[in-house]
Amino acid sequence: MADNVAEESAGLPALAVTAAVGAVVLLLVLLCGVGQGKGQQEEEKTEEKNSKVKKQPRKAKPKPAPKQRPGTHTFSHTLLSTSLKGHSGRVMGLDFSNNAKYLATCAEDRTVRIWSLKDWKDKEHKSVQVNVELDHATSVKFSPDNRAFIVALYNGNTIRVFRIGRKDEGTGIHVSALEQDFPQKSIKDIVGLGISSNGKFMMTAFADTSIYVWNTKPGGEVLATIDTHQMENYHAAVSPCGRFIGCSGFTPDVKVWEVSFTKGGEFNQVSRAFELKGHSSGVYSFDFNVDSSRMVSVSKDGTWRLWDTNIEYQKGQEASLLSKGDLHSSAHCMVAMAPNGSSFAIAQGYDISLYSTESGQEEEKFTDVHAEPVTAVAFDLGSKYLVSAGDKHVRVLHNTVGYRALLHDLQHKLKTTQSTAYKERLKEQIKETEDALKSIVGEEKGEKDKKDKENSKKKGK
């Protein structure tokens, strides 16, 4: 029996060792299984995440929601002519027709509205609504013959053409019907859209370094592509004269190309014309006057610059600086020049400043024009009105700087002309301009006196 006890005692350590080894092996197996399970779960999560990303729309970058002023926003100014109300979403772009009869506006409510300019002085403003199916437009441009308009699609990142058809009897405005979408060329946002005044080409610029030049025939044929070498395009436009395409971006210059055609009307080439050099940082925006003899630019460096572009660029002549000034800040802004070159407007945040090109001085400042930051600003073809967008309303402001510049120009012509008949026409135009300016300034003074009386009454109480 003693021998059996001794044998059992001797076998206990061996059994303990065996049990310990077995426990370690089991633990390793369990740990390996947990690790494989976690790895498989992570792999499944990664696959699920990737599949979700692939299903999302391909956008260059999400656009942040604009900061809106708290409470109900109202804008009042002595130079406010009217406000166009009809959109239910934020207005993103606007354009005047070449016959000076209509204004087109596009908004996030997936509509384009065409407004009649002749009833701007009335209390009610007529417009026709055109739906933008399955998308919304960020920019809109009329064709030169006013028989069509194009929009830049936010999600589709391409051009959509609308053909203007039958006339609406109620408003006198032509109703539009969908024509076609052009082929998509980039997943980046469109930062520039334009049609040449001769109707020979269209332009789209994207938020990379690409610009596409299209013919205006159905089908959307690409005539040429441009690599701007600007790291990122900020803004692009076709000049009102129809000869040039300009582009600005991350680099501190504005590059301008000429689009040329043969005598038979066939596309020839796109060639570099000139550059605007002088800013020390990226250029947010720029604009031309009607004959492209003047340009204005605004930059991250906190300055605006006015340029003489009436040059012989074929001979190597460069654009010269006429004047420059400081912006209110270096924050993002946009600029528009009056077609007659008399004035330009700079929109920055919620505010708009109106400058004289002759003096370079800020003549008017409109604060808190919209409930959200300004998205678009433009002058009418007569340079008499300044129009802006930013929320669901469109503001129409009197351009008194333009009126004064026009009056000065007419008076100068009257002194220099020798023709009796021309002198009589000039005198009539001078009187009409003086009467219009007096009417605007008279309204401005009346509003100012009214506000002064109201303030004095409040102080008296």
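This is a predicted model: local features need pLDDT of at least 70, side-chain atom pairs count only at pLDDT 80 or more; totals for chains, interfaces and linings use all residues.
When I call a residue buried, I mean that its relative accessible area is under 20%, while exposed means over 50% and partly exposed lies in between, with a 1.4 Å probe and protein chains only.

Residues are numbered from 1 along each chain as its sequence is written, and side-chain values use heavy atoms, with hydrogens and water left out.

Let me begin with the overall make-up. The chain has three helices and 28 strands, where helices (H or I, at least four residues) and strands (E, at least two) are DSSP runs numbered from the N terminus. Of its 461 residues, 45% count as buried. If we take contacts, meaning heavy atoms within 4.5 Å, between residues at least 6 apart in sequence, then 47% of them join residues at least 24 apart.

Now to the aromatic rings. A pair of aromatic rings is described by the distance of the centres and the angle of the planes. Here, rings of Phe, Tyr and Trp (its six-membered ring) pair if their centres lie within 6.5 Å, and planes under 30 degrees apart count as stacked, over 60 as edge-to-face and the rest as tilted. The structure holds 17 such pairs. One of them joins Phe-96 and Trp-120, edge-to-face, at 6.2 Å centre to centre and with 65° between the planes. Because Phe-96 belongs to strand β2 (residues 91–96) and Trp-120 to the loop between β4 (111–116) and β5 (127–131), this pair ties together parts that are 24 residues apart in sequence. Both Phe-96 and Trp-120 are buried.

Returning to Trp-214, its ring and that of Phe-182 have centres 5.2 Å apart and planes at 65°, so this pair is edge-to-face. It links distant parts of the chain, since Phe-182 sits in the loop between β9 (174–181) and β10 (190–195) and Trp-214 in strand β12 (residues 210–215), 32 residues apart. Phe-182 is buried as well, at 4% relative accessible area, and ring pairs link Phe-182, Phe-206, Tyr-212 and Trp-214 into a cluster.

What about the cysteines? With a disulfide taken as a pair of cysteine sulfur atoms within 2.5 Å, the structure holds zero disulfides. Cys-106 is buried at 0% relative accessible area, whereas Cys-241, at 25%, counts as partly exposed.

Next, one sheet. Strands of a sheet pair through backbone hydrogen bonds, either parallel or antiparallel; in this analysis, two strands pair if DSSP finds at least two bridges between them. An open sheet of four strands runs in the order β18-β19-β20-β21, with antiparallel pairing. Its edges are β18 (283–288) and β21 (320–326), each with a single partner strand, so one side of each has no neighbour in the sheet. Between β18 and strand β19 (residues 294–299) there are five bridges, in the antiparallel sense, and Val-283 stands opposite Ser-299 in β19.

Finally, consider Val-256, which lies in strand β16 (residues 253–261) and is buried, with a relative accessible area of 0%. Val-256 and Gly-246 are 10 residues apart in sequence, yet 4.3 Å apart in space, C-alpha to C-alpha. Not counting residues up to four places away in sequence, Val-256 touches Phe-244, Ile-245, Gly-246, Arg-272, Ala-273, Phe-274 and Met-295.
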